[in-house]
Amino acid sequence: MSAFFKRFFAVIIAAFTAFGSLLSGSIEAQKHDLVIDLSSNPSTGCSWVVEIDNENVVRSAGSKYIQKFSAVPVSGAGGTEKFFFDAVSDGEAVITFTYGQHWDGGQNFTKVIYRCVSKGGKITVVDSTEMPTEKYA
């Protein structure tokens, strides 16, 4: 598949993701044990991929994209992606976010790692690391 079509489809998917997040307003109405905000711009074809190393301790409760400075979506404008997590049991978990173009030949630009402790239904971030890079091996 040509590079043009790969980028075109990535932008279309990102646009549907951003539109879908506008319709998912109820997620913030629920109480979550941890909310992580990360800068995002789905119109570039980039998105965050979330990995949790111990889902018996922490589980993802979804995400919501919020575009900055606009009540209506504006093509090319960035915003914030809110990620929601709930405690499952006491213990430790590592949540890893990778921001990039997640298709064959795409680039990863940033990796952010949060080390968390869950105790008594509360999640505490004890350490975070950001690793900007162009490509991960």
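User: Which strand does Tyr-99 lie in?
Analyst: Tyr-99 is part of strand 5. Keep in mind that this is a predicted model.

User: Is Tyr-99 buried or exposed?
Analyst: Its relative accessibility is 12%, under the 20% cut-off, so Tyr-99 counts as buried.

User: What does Tyr-99 touch, leaving out residues up to four places away in sequence?
Analyst: Its contacts are Ser-39, Ser-40, Asn-41, Thr-44, Cys-46, Ser-47, Trp-48, Asn-108, Phe-109 and Thr-110.

User: How far apart in sequence and in space are Tyr-99 and Ser-47?
Analyst: They are separated by 52 residues in sequence, and their C-alpha atoms are 5.5 Å apart.

User: And what does the side chain of Tyr-99 reach at 2.9 Å?
Analyst: That is the backbone nitrogen of Asn-41, a residue also on the contact list of Tyr-99.

User: Switching to the core. Which residues touch the most other members of the largest nonpolar core?
Analyst: Val-58, Phe-85, Ile-95, Phe-97 and Tyr-114 do, in a core of 18 residues. Strand 1 (34-40), strand 2 (47-52), strand 4 (79-87), strand 5 (91-100) and strand 6 (108-119) each give two or more residues to this core.

User: Which of them gives the largest share?
Analyst: Strand 5, with four residues.

User: Take Ile-95, then. What does Ile-95 touch, not counting residues up to four places away in sequence?
Analyst: Leu-34, Val-50, Glu-51, Ile-52, Val-58, Phe-85, Val-112, Ile-113, Tyr-114 and Cys-116. Of these, Val-58, Phe-85 and Tyr-114 are also among the core residues that touch the most other members.

User: How many bridges pair strand 1 and strand 4?
Analyst: Seven, in the antiparallel sense. One of the residue pairs is Leu-38 with Glu-81, the latter in strand 4.

User: And how many join strand 3 to strand 4?
Analyst: Eight bridges, again with the strands running antiparallel. Opposite Gly-79 of strand 4 stands Gln-67.

User: Why is strand 4 described as largely enclosed by the rest of the structure?
Analyst: Because seven of its nine residues are buried.

Conventions:
Residues numbered from 1 in each chain as written. Predicted model: local features only at pLDDT ≥ 70, side-chain atom pairs only at ≥ 80, totals over all residues. Heavy atoms only, no water. Core = buried A, V, L, I, M, F, W, Y, C linked by side-chain atoms within 4.5 Å. Buried < 20%, exposed > 50% of the residue type's maximum accessible area, 1.4 Å probe, protein only. Contact = heavy atoms within 4.5 Å. Polar contact = N/O pair within 3.5 Å; in protein donor to acceptor, adjacent residues only side chain to side chain. Pairing = 2+ DSSP bridges.
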